[in-house]
Amino acid sequence: MSATDPAAVRPHALADYAARARPAFEPDVWDFLEGGAGDERTLAANLAAFDRVSLRPRVLAGRGTPDTKTEILGRGWAAPLAVAPMAYHTLAHPDGENATARGAGAAGVPLVVSTFASRTFEDIAAEARGPLWLQVYCFRDRTVTRRLVERAERAGIEALVLTVDTPRLGRRLRDVRNGFRLPEGIGPANLDGTGSDFTSPSAHAATEFDPALDWSVISWLRSVSSLPVLVKGILAPDDARRALAAGVDGIVVSNHGGRQLDGAPATLDVLPEIAAAVAGACPLLVDGGVRRGADVLTALALGADAVLIGRPVMHGLAVAGDRGVEDVLALVTEELTEAMALTGTGSVREAGPELVGGPELVGGHAVPARTVRAPGPSALRREDLHGSVSDPVLDTMNFLNEITTRYPDAVSFAPGRPYDGFFDTEQIFTYLRRYIGHLEAQGATPARVRSALFQYGPAAGQIRELIADSLREDEDIDVPPEAVVVTVGAQEAMLLAIRALIRGPEDVLLVSSPCYVGITGAARLLDIHPTAVAEAEGGFRCADLAAAIRAERARGRRPRAFYVIPDHSNPSGTTMPLETRRELLELAAHEDILLIEDSPYRLVSPGRQLPTLKFLDRAHRVLHVGSLSKTLFPGARVGFAVADQPVTDASGRTGLLAEELTKIKSMVTVNTSPLSQAVVAGMLLTVDGRASDLTKATAAYYGDAMRVTLQALESAFPYSRRAALGVSWNEPSGGFFLSVTVPFRADNDALTRAAEEFGVIWTPMSYFYPEGGGENSLRLSVSYLTHDQIEDGIARLARFVSHEAARTRT
């Protein structure tokens, strides 16, 4: 099947490679390889479109040697071209994609691996010296696609290229004419089988590809992989805009679906208007008809960032293996360099519509400069934004919200928010009037009252005294008001704390794992990568924290703070024993670190609570974070930080850490809403600062909700049944959450099936493990549901778990 000749002389043009490759193949195999564009007419249209356009020479440009290098998705390419996805490279050479990967790597450009590669991802990756992307087809059975993507990601694939102009390949006339079937022994190496005959590619597409794809597939792909997602097969500006709205990381203009629509456009014909629609929001690539370096420059001039090249690479592979692939790509790059020199183009970023000679037409219309993306500072790309916007941590809650919206009839154990059955709208006005009366009783003038409600107010907050009083009443925490900073929820308090404490890359934030995503997300925004301290089966152990601290110091880093939720934690629901709390404080003093104590669930849990770390703190080791959203008024978004640690400046002046947090806050949110503070203050004033008086009924309700949940789990999974299934759960004494261990991977894919097929929603515990873990656990929140909803939801969950367990076994 191969025309490999170690002594072969390098051809001087791509056409020479094609001429030398053709005799090596049977006619039907040659037609299959050459039919990559789907149909003769499609390929002819693409070639003709490039032939219609000429490039305008420029002289005395003084540009020097042209620079062909570019960067796509954060990776440098030697030239703005990549190897297009093509199936079954072993038809051209025994080494198949392994040889192609070697050749592409030697040329310094990426290889887009086909779903139907004839070599495994692992083998290809072992040979690759450059970026590898995966072309993805979405199968009817999403599990097949998910497993394919997961395997590719593990092997080192860096991006996914979803082909969106199939599920129907169209009638590829070459294959129909020849009755083409794959030779024996050649097939897809990375598919475990989807129940169809792989030897007939078009029949396989018709039976196995999902015919009902919509734009939600982008979100689904993001739910199963953290890799960037590009879409391949865009031919219309409206579809390009829809792709951007769906959040894609790149677009490939391609007509390789071979749909055989009369008048279906060539890729180059539609490129300018698609480029105008994209406007630099993401990388734009073109696939189809590229045969010369001048074609590459033409595509760049009309708005592309790079091109994909296919058939010529296969010709090079057939003639001389990886050396042939390298030579083909080098030829195109050399021709591109020559075209850039002749047009006075110094770098690929300089290529614009002025290079296209007139009065040539593209797509039947003259190409005005305004229709083409002009490189410049206004062209925003996701890879140019802060890395946190692509971090999976920041996508987790969005995915949950999307699932909840998509399946409104499902019982949702996902939201960790208070039950709203206790709220009465009129109470807001009552509490607001109570605070106004408090100000007037203190002698405030009407102007002062008006300012307290309508103006910004102090950055540190105007109800610090009332919060300090409440802490004394409810928690026996005695701190001056000056140590309190009123924040926009506890989330802002965490952000302020870690921004103040973590000075640079040598400083370390440690977190208990599993961990609330709010702290890890806030850290990621600040380019801080927390060190996870894994909880043992029985909960947090100080010995593990001590070991983590020693390990960080051995790396030359400085541990600064440890974040923990000691009471009814989110996500696991565990509570730290009193002895462990005392041991933790001793460890903090010994190792000279601070403890960030997050304590939102104490007042909404039944029964007597253990002392807070802050109450036990005698050495100012604890920075206490609290929330009045969970306890009193969620919509007010009022939280606080207690930061009474002394801070000494260079002059010897000593103040409180709270002052430093306030400085940061003044640059983040300026201040917490005075109106929200006023309503919360009125609530505290009605009970003389004892917030616990306002939460007695809610704490009892949540305690009952937890009890009903545990009873429902016990009923749905009697001991013998749960032992057989491998199901278990913990039994928190309060809070909103508990954790359930299941005998299958509880990921986004499983969550989608649970919502769609069984009408129940939960949260994957893997969201809460900063360094991986929790794949076989899920979090249930009991706070937002009625008792009837809980019982119904657990029954649905039991059916789902049983189904998944059986599915996993088979």
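**A chat about packing, sheets and rings**

Author: Happy to! Let's begin with two helices: α10 (residues 237-246) packs against α11 (residues 267-278) at an angle of about 30°, and their axes are 8 Å apart. Keep in mind that this is a predicted model.

Reader: Thanks. How do α10 and α11 run, roughly parallel or roughly antiparallel to each other?

Author: Roughly parallel. The angle is about 30°, and angles under 35 degrees count as roughly parallel.

Reader: And which hand does the crossing of α10 and α11 have?

Author: It is a right-handed crossing.

Reader: Let's switch to strands. How many residues of β8 are buried?

Author: Five of its five residues, so strand β8 (residues 250-254) is mostly covered. G250, V252 and S254 are buried on one side, and I251 and V253 are buried on the other.

Reader: Nice. What joins β7 to β8?

Author: Four bridges, with strand β7 (residues 229-234) running parallel to β8. Within that pairing, L230 has G250 as its bridge partner. G250 is also one of the buried residues of β8.

Reader: What is the strand order in the sheet of seven strands?

Author: The order is β12-β18-β17-β16-β15-β13-β14, in an open sheet with mixed pairing. β12 (484-488) and β14 (531-534) each have a single partner strand, so they stand at the edges with one side left without a neighbour in the sheet. From one strand to the next, the twist averages 25°.

Reader: What about β13 and β14, how many bridges there?

Author: Four, and strand β13 (residues 507-513) runs parallel to β14.

Reader: Which strands are at the edges of the four-stranded sheet?

Author: That open sheet is ordered β21-β22-β25-β24, with antiparallel pairing. Its edge strands, β21 and β24, each pair on one side only. Two bridges hold the antiparallel pairing of β21 with strand β22 (residues 737-741), where S728 stands opposite T741.

Reader: On to aromatics! How many aromatic pairs are there in the whole structure?

Author: A search finds 17. One of them is F717 with W729, a tilted pair at 6.2 Å centre to centre and 50° between the planes. F717 is in the loop between α26 (696-716) and α27 (719-725), while W729 is in strand β21 (residues 728-729), so the pair links parts of the chain 12 residues apart.

Reader: Why does F717 count as buried?

Author: Its relative accessibility is 1%, and buried means under 20%. W729 is buried too, with a relative accessible area of 14%.

Reader: How far apart are the ring centres of W762 and F800?

Author: They are 6.0 Å apart, and with the planes at 35° the pair is tilted. W762 sits in the loop between β23 (760-761) and β24 (763-764), and F800 belongs to helix α29 (residues 787-809), 38 residues apart. Both W762 and F800 are buried.

Reader: Which residues form the aromatic cluster?

Author: Y419, F422, Y601, Y701, Y702, F736 and F737 form one cluster.

Reader: Last one: which ring does R142 lie over?

Author: That would be W220, with R142 over its face at 4.7 Å from the ring centre. There is also R417, whose charged end sits over the ring of Y784, 4.2 Å from its centre.

Terms used
Residues numbered from 1 in each chain as written. Predicted model: local features only at pLDDT ≥ 70, side-chain atom pairs only at ≥ 80, totals over all residues. Heavy atoms only, no water. Pairing = 2+ DSSP bridges. Axes fitted to C-alpha atoms, helices over the stretch in contact; angles between N-to-C directions. Phe/Tyr/Trp six-rings, centres within 6.5 Å; stacked < 30°, edge-to-face > 60°. Buried < 20%, exposed > 50% of the residue type's maximum accessible area, 1.4 Å probe, protein only. Lys NZ or Arg CZ within 6 Å of the ring centre and 35° of its normal. Parallel < 35°, antiparallel > 145°, perpendicular 65-115°, else oblique. Left-handed = near helix turned anticlockwise from the far one by under 90°.
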